[in-house]
Amino acid sequence: MIRHIARQLAVQTLYQSEVGGIPLSEAVENIAAMAQDLKEEAYGVLGDDLSLKDHHQLQKHFELDEFYHHLVEGVFNNLDSLDAVIEQNLEGWSLKRLNKVDKAILRLAAFELANKTEMAPVVINEALELTKEFSNADGKATAFNNKVLDKMKESLEG
């Protein structure tokens, strides 16, 4: 699975678990079912045009891989410490005031920054791309999250 897609699905999983008040395992099952539906849709579009190699590649793109599981389990198992990092880097805001999508994105980024899954600029860029995709209706979310991400990076490095 492409890492950006794994992050997209991780954000959706975390969001679904929090908003729906469901266990992480149930949210993961829901996302796995969604990925299966997307795979079947892709097969329907591409149909007989797929070679064996293309079939294998397509299959890999829709599997919830080790990186995805590392992200969602890591965030879920460290919610209190991640929320503390986010809270200490919010200026004039509290964690409770954040919308659930931004909270999921910031939690994911905080986990990645703390665990150095990628270099900090990559993590921040990915989080900002996720913000643009999922939360930037008014154009302000990206700037807000960028500021918080920069402060988190500094506090976790220091």
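The questions and answers below walk through a predicted model of a protein chain.

Visitor: How many helices and how many strands does the protein chain have?
Guide: Welcome! Read along the sequence, the chain follows the pattern α-α-α-α-α-α-α-α. The count is therefore 8 helices and 0 strands.

Visitor: What percentage of the residues of the protein chain count as buried?
Guide: A residue counts as buried when its relative accessible area is under 20%. The protein chain has 158 residues. The part of them that counts as buried is 41%.

Visitor: Among contacts between residues at least 6 apart in sequence, what percentage join residues at least 24 apart?
Guide: Contact here means heavy atoms within 4.5 Å. Among contacts in the protein chain between residues at least 6 apart in sequence, the part that joins residues at least 24 apart is 67%.

Visitor: Is Tyr68 buried or exposed?
Guide: Let's start with its place, which is in helix α4. The relative accessibility of Tyr68 is 0%. Buried means under 20%, so Tyr68 counts as buried.

Visitor: How far apart are the C-alpha atoms of Leu9 and Val28?
Guide: Leu9 lies in helix α1 and is buried, with a relative accessible area of 8%. Apart from residues up to four places away in sequence, Leu9 touches Met1, Ile31, Met34, Leu64 and Tyr68. Leu9 and Val28 are 19 residues apart along the chain, and their C-alpha atoms are separated by 9.1 Å.

Visitor: Which residues is Thr13 in contact with, leaving aside its neighbours within four places in sequence?
Guide: Thr13 has its place in helix α1, residues 3–20. At 0% relative accessibility, Thr13 counts as buried. Beyond those sequence neighbours, the contacts of Thr13 are Leu24, Ala27, Val28, Ile31, Tyr68 and Val72.

Visitor: Are α6 and α8 roughly parallel or roughly antiparallel?
Guide: Helix α6 (residues 100–115) and helix α8 (residues 141–157) have axes 10 Å apart, and α6 passes α8 in a right-handed crossing. Their packing angle is about 25°. Angles under 35 degrees count as roughly parallel, so α6 and α8 are roughly parallel.

Visitor: How many nonpolar, polar and charged residues are in the contact of α6 with α8?
Guide: From α6 come Asp102, Leu106, Ala109, Ala110, Leu113 and Ala114. They meet Ala141, Asn145, Val148, Leu149, Met152, Lys153 and Leu156 in α8. By class, these residues divide into 10 nonpolar, 1 polar and 2 charged.

Visitor: Are α6 and α7 roughly parallel or roughly antiparallel?
Guide: The axes of α6 and α7 are 10 Å apart, and the residues that meet include Leu108 in α6 and Phe134 in α7. The packing angle is about 170°. Angles over 145 degrees count as roughly antiparallel, so α6 and α7 are roughly antiparallel.

Visitor: What is the phi of Lys116?
Guide: Lys116 lies in the loop between α6 and α7, and Lys116 is exposed, with a relative accessible area of 58%. Most residues other than glycine have a negative phi. Lys116 has a positive value, near 50°.

Note on methods:
Residues are numbered from 1 along each chain as its sequence is written. This is a predicted model: local features need pLDDT of at least 70, side-chain atom pairs count only at pLDDT 80 or more; totals for chains, interfaces and linings use all residues. Side-chain values use heavy atoms; hydrogens and water are left out. Helices (H or I, at least four residues) and strands (E, at least two) are DSSP runs, numbered from the N terminus. Buried means under 20% relative accessible area, exposed over 50%, partly exposed in between (1.4 Å probe, protein chains only). Axes are lines fitted to C-alpha atoms, for helices over the stretch in contact, and angles run from 0 to 180 degrees between N-to-C directions. Angles under 35 degrees count as roughly parallel, over 145 as roughly antiparallel, 65 to 115 as roughly perpendicular and the rest as oblique. A crossing is left-handed if the near helix is turned anticlockwise from the far one by less than a right angle, and right-handed if clockwise. Ala, Val, Leu, Ile, Met, Phe, Trp, Tyr, Cys and Pro count as nonpolar, Asp, Glu, Lys and Arg as charged, and the others, Gly among them, as polar.
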